[in-house]
Amino acid sequence: MEVRRTLWAMLLLPAAASAQSATEQARAIAGEPVSAPQRLTLVDLPHPTGKPIALFDGRSLDDWQPWLGYPDPAVTYKSSPNSAAIGTGRDTRGDFAVRQVDGAPAIWIKGETWGSLVHRADLRDYHLRLEYKWGAKTWTPRETQPQNNGLLYHTHGAPGEVFGTWRPSVEFEIMKGSTGMIVTVGTRVRAKTTVAFDPSLIAPHLRFRAGGREIDMVNGTLTWNVEAATDAERPAGEWNTLDLYVLGDRAIHVVNGVPVAEVRDLAVIGPDGTRQPLTHGQIQLQSEGAETWFRAITVEPIRSLPRLVASGG
């Protein structure tokens, strides 16, 4: 979920904040822009402690729970949408289905109505791998914007709790040009990562950087998302492989073999206001304006995380 970055930038920044002041605030958060990009590699890959488990059986969506947001996605981020979420109130076979593509079964997500498929399994300490590629269709209000979807993990809470459409979680963004971005989904979700100031980005102007300044990601503030270290996605029409390594309250995002983000101290703010570690949950596959195919979704248990090594600027 790119969460419609342009719209969110307008909604989440104070009304008085100009583009220049947003840039100045990002500079204050992350420091001066770096002179060169980093090249990140993974070492010490963990050995699985059990056999891979397929989360998609290639035949049905029996293990996946669908949920749909508002009939008009354009109202999703409004404080008063004046509309009720669809939820499970209609047949969703026209939104999510198992279909054949490139000679094999895959999960097809239409993308026209925003929502998600939530897998029933409660996962912790795992390496998840999946393949995705974009379909041909995009839909309003994102018809002319980058294709957009998302892999949400450590999912918890009630269906539609976030903007009537998603459950609270941490996001491994799937969006043309930004796949691997970190997003906190829900006002009570927290995550820490390290960043650099990148003025070439739209607000909040923050890009993942190993060894950069540490920030606490908070939805609804200038640290609500952090761009991937680099764009490692393949051209439209080709399959991409995502690897998500999760151990307790830490995770690493990998796109086509290239590590692009690391996040730690995942947490939720409890009813009493205290920070509570977020160490497990379900996964969601989003529907957010672009036709998308998913296949080969597997998960295997691990007891350690790989290690990021940075070189370059």
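Which residues form one aromatic cluster? In this predicted model, the cluster is made up of Tyr77, Trp114, Phe163 and Trp166. A search of the whole structure finds six aromatic pairs.

The charged end of Arg99 sits over the ring of Trp108, at 3.7 Å from its centre, and Arg295 lies over the face of Trp239, with a distance of 3.7 Å to the ring centre.

A further arginine, Arg275, belongs to strand S18, which spans residues 275–277. Its relative accessibility is 35%, and Arg275 is therefore classed as partly exposed, the category that lies between buried, under 20%, and exposed, over 50%. When neighbours within four places in sequence are left aside, the residues in contact with Arg275 include Arg190, Ala191, Lys192, Asp216 and Asp265, together with Ala267, Val268 and Ile269. With Asp216, the side chain of Arg275 makes a side-chain to side-chain polar contact of 2.9 Å, while a polar atom of the Arg275 side chain lies 3.1 Å from the backbone oxygen of Asp265. Arg188 is 87 residues from Arg275 in sequence, and the C-alpha atoms of Arg188 and Arg275 are separated by 9.2 Å in space.

Technical notes: Residues are numbered from 1 along each chain as its sequence is written. This is a predicted model: local features need pLDDT of at least 70, side-chain atom pairs count only at pLDDT 80 or more; totals for chains, interfaces and linings use all residues. Side-chain values use heavy atoms; hydrogens and water are left out. Rings of Phe, Tyr and Trp (its six-membered ring) pair if their centres lie within 6.5 Å; planes under 30 degrees apart count as stacked, over 60 as edge-to-face and the rest as tilted. A charge sits over a ring if NZ of Lys or CZ of Arg is within 6 Å of the ring centre and within 35 degrees of the ring normal. Helices (H or I, at least four residues) and strands (E, at least two) are DSSP runs, numbered from the N terminus. Buried means under 20% relative accessible area, exposed over 50%, partly exposed in between (1.4 Å probe, protein chains only). Contact means heavy atoms within 4.5 Å. A polar contact is a pair of N or O atoms within 3.5 Å; within protein, one must be able to donate a hydrogen and the other to accept it, and residues adjacent in sequence count only if both atoms are side-chain atoms.
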